[in-house]
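This briefing goes through a single protein chain, topic by topic. The sequence and the structure come first.

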Amino acid sequence: MDLVPHPESPRSDNSGGGGSASGAGALSPAAASSGGGMALSPASPSRYESQKRRDWNTFGQYLRNHRPPLSLARCSGAHVLEFLRYLDQFGKTKVHTPACPFFGHPNPPAPCPCPLRQAWGSLDALVGRLRAAYEENGGRPENNPFGARAVRLYLREVRDHQSRARGVSYEKKKRKKAPAHPVPAAVISSSSHDGNGHSHHYGEHHHQLPPPPPPPGAAA
């Protein structure tokens, strides 16, 4: 994720969500009174949760630095678009302009002065994490600015533009369905029950074999 680093995200806890060093190995009161056993430290947050927390702190810092300062309750889809465009200055993905000779070239053979932008995949994942974080921090789903229609349209435009400019495809490959093997008609059978509880089978024919002929001389 090539987002702007933000000073509020701790770097000393390795995972972005650990506790202080002094409390990591401390005994809990229950463990100390029961025999001095070591307390189990809380599980470290996943990589996704740590990244989501850092993104949420970065967005909160952006709102505080906004002129005029903006509260979360007044944040709209338009402010989310401002935030996404603001992040472009920290991007690391080369996006060729239509005038560039490498426009649409997936592997340009030489450098060019085209701008660096946030990759569409990074923005799409970022919006997904912030959308979840907004509701986890008390926001109402129907008021979630990260799910606004304008944000979805913007992400779609970025995807299409970068796909053309970089000569790459972001379309998901559809899995080919395995061809269904036809079942022989003789094997297919269906059954039904009449009102008397008798079962009738259709498609199955049971032929009774004739009795074997009597041995020679038995008829005498």
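Lys-52 and Glu-136 form a salt bridge through their side chains, at 2.6 Å from N to O; a salt bridge here is a side-chain nitrogen of Lys or Arg within 4 Å of a carboxyl oxygen of Asp or Glu. The pair joins distant parts of the chain, with Lys-52 in helix 3 and Glu-136 in helix 5, 84 residues apart. The model is predicted: local features need pLDDT of at least 70, side-chain atom pairs count only at pLDDT 80 or more, and totals for chains, interfaces and linings use all residues. Residues are numbered from 1 along each chain as its sequence is written, and side-chain values use heavy atoms, with hydrogens and water left out.

**Overall make-up**

- The protein has six helices and four strands; helices (H or I, at least four residues) and strands (E, at least two) are DSSP runs, numbered from the N terminus.
- Along the sequence, the pattern of these elements is α-α-α-α-β-β-α-α-β-β.
- Of the 220 residues in the protein, 27% are buried; buried means under 20% relative accessible area, exposed over 50%, and partly exposed in between (1.4 Å probe, protein chains only).
- Among contacts with a separation of 6 or more, 60% are between residues 24 or more positions apart; contact means heavy atoms within 4.5 Å.
- The protein exposes about 15,900 Å², of which carbon and sulfur atoms supply 56%; accessible areas come from the Shrake-Rupley method with a 1.4 Å probe, and for residues only the protein chains shown count as cover.

**Salt bridges**

- The count of salt bridges comes to five.
- Glu-142 counts as exposed because its relative accessibility is 54%, and Arg-140 is exposed with a relative accessible area of 51%.
- A further salt bridge, at 3.3 Å from N to O, pairs the side chains of Arg-159 and Asp-160.
- Salt bridges that share partners join Glu-49, Lys-52 and Glu-136 into one network.
- Arg-159 counts as partly exposed at 24% relative accessibility, and Asp-160 counts as partly exposed at 30%.

- Asp-88 lies in the loop between helix 4 and strand 1 (93-94).
- Asp-88 is buried but has no salt bridge; the nearest side chain of opposite charge is that of Arg-117, 4.2 Å away.
- Leaving aside neighbours within four places in sequence, Asp-88 is in contact with Leu-116, Arg-117, Gln-118 and Tyr-154.

**Helix 4 and its packing**

- Helix 4 spans residues 77-87, and its buried residues are Gly-77, His-79, Val-80, Leu-81, Phe-83, Leu-84 and Leu-87.
- These buried residues pack against helix 3 (47-65), helix 5 (120-136) and helix 6 (149-166).
- An α-helix has 3.6 residues a turn, so residues three or four places apart point the same way.

**Positive patch**

- Arg-131, Arg-149, Arg-152 and Arg-156 form a positive surface patch.
- Patches are made of residues with over 30% relative accessible area and no salt bridge, with like charges joined within 9 Å and nonpolar side chains (Val, Leu, Ile, Met, Phe, Trp, Tyr) within 5 Å.
- Lys and Arg count as positive and Asp and Glu as negative, while His and the chain ends are not counted; the place of a charge is taken as NZ of Lys, CZ of Arg, CG of Asp or CD of Glu.
- Helix 6 gives the most to the patch, with three residues.
- Arg-131 lies in helix 5 and counts as partly exposed at 40% relative accessibility.

**Loops and backbone**

- The peptide bond from Arg-67 to Pro-68 is cis, with omega near -5 degrees, and Pro-68 is found in the loop between helix 3 and helix 4.
- Val-95 is in the loop between strand 1 and strand 2 (116-117) and is buried, with a relative accessible area of 5%.
- Not counting residues up to four places away in sequence, Val-95 touches Cys-114, Pro-115, Arg-117, His-161, Gln-162 and Ala-165.
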